[in-house]
Amino acid sequence: MTPARSRRPGAPTRTERGIPEATVARLPVYLRALTALSDSGIATASSEDLATAAGVNSAKLRKDLSYLGSYGTRGVGYDVEYLRYQIAREIGVTQDWAVVIVGIGNLGHALANYSGFGTRGFRIVALLDAAPELVGERIGDMVVRDFAELEEIVAADRVSIGVITTPAGPAQEVCDRLVAAGVTSILNFAPVVLSVPDGVDIRKVDLSIELQILAYHEQRKSGEAALPEVPELPAINGLPDLPSVNGGVGA
């Protein structure tokens, strides 16, 4: 098996087209903002308007869009529909992507019931689990299938994206099976870091980490350090506590 990918920590990464990964991560946000503007009947938008809708500053937005080409008109702004199409094409959601979800627990159920995938270019072709009590269960218009059928499903439906919603324990094995079957992109919800070979892209979603980050900001907003009180240390080897600095040793 090809060794897992690694890179120098902190080094910027770019796609094959030379677009920084940070910019790629913001393109879906711009697409969502453009869709909202279009649904509101707005035909053109300035970089400031689009940046506000996307929650970024206008200079960053203009730099991000410059990687895609020149789609804005000075003094006019961006054609909302045209830019929306160009971003959708760049990130690949103008075509249909077959997806499998592995691990049909509570999170797997929630994702299976989410109706937004289809309108964004993602077609859930199978729900898979190894638990006999879950196989055969109907969720919406789909039936949970045995994980043993993975290879057959990937080949028949040309699946390129796998979603892992299993517990941490079996996640790496599930990941290895997905990769061996031909899946080249993985979205991992399991609370564990997974190793993949070169040529496979993986994104990790950890809800507990996101909540901890929010807790950090809430703590700072409240102005409280919220640190536990340090207990008083006992005397070492039965020796009495040392005099304070002000008293001086041997004073």
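User: Which loop holds Asp206?
Analyst: The model is predicted. In it, β10 covers 201-204 and α9 covers 207-222. Asp206 is found in the loop between β10 and α9.

User: Is Asp206 buried or exposed?
Analyst: The relative accessibility of Asp206 is 15%. Buried means under 20%, so Asp206 counts as buried.

User: Which backbone nitrogen lies 3.2 Å from a polar atom of the Asp206 side chain?
Analyst: A polar contact requires N or O atoms within 3.5 Å. The distance here, from a polar atom of the Asp206 side chain, is 3.2 Å. The backbone nitrogen in question belongs to Ile209.

User: Where is Ser160, and is it buried or exposed?
Analyst: Ser160 is found in the loop between α7 (150-157) and β8 (161-164). Its relative accessible area is 15%. With the limit for buried set at under 20%, Ser160 is buried.

User: Which residues does Ser160 touch, not counting those up to four places away in sequence?
Analyst: Contact means heavy atoms within 4.5 Å. Leaving out residues up to four places away in sequence, Ser160 touches Trp97, Ala98, Val183, Thr184 and Ser185.

User: How many aromatic pairs does a search of the whole structure find, and what is the geometry of the rings of Tyr114 and Phe117?
Analyst: The search finds one aromatic pair. The ring centres of Tyr114 and Phe117 are 4.9 Å apart and the planes are at 85 degrees. Planes over 60 degrees apart count as edge-to-face, so the Tyr114 and Phe117 pair is edge-to-face.

User: What is the relative accessible area of Tyr114, and what is that of Phe117?
Analyst: Tyr114 is partly exposed, and Phe117 is partly exposed. The value for Tyr114 is 42%, and the value for Phe117 is 23%.

Technical notes:
Residues numbered from 1 in each chain as written. Predicted model: local features only at pLDDT ≥ 70, side-chain atom pairs only at ≥ 80, totals over all residues. Heavy atoms only, no water. Helix = DSSP H or I, 4+ residues; strand = E, 2+ residues; numbered from the N terminus. Buried < 20%, exposed > 50% of the residue type's maximum accessible area, 1.4 Å probe, protein only. Phe/Tyr/Trp six-rings, centres within 6.5 Å; stacked < 30°, edge-to-face > 60°. Polar contact = N/O pair within 3.5 Å; in protein donor to acceptor, adjacent residues only side chain to side chain.
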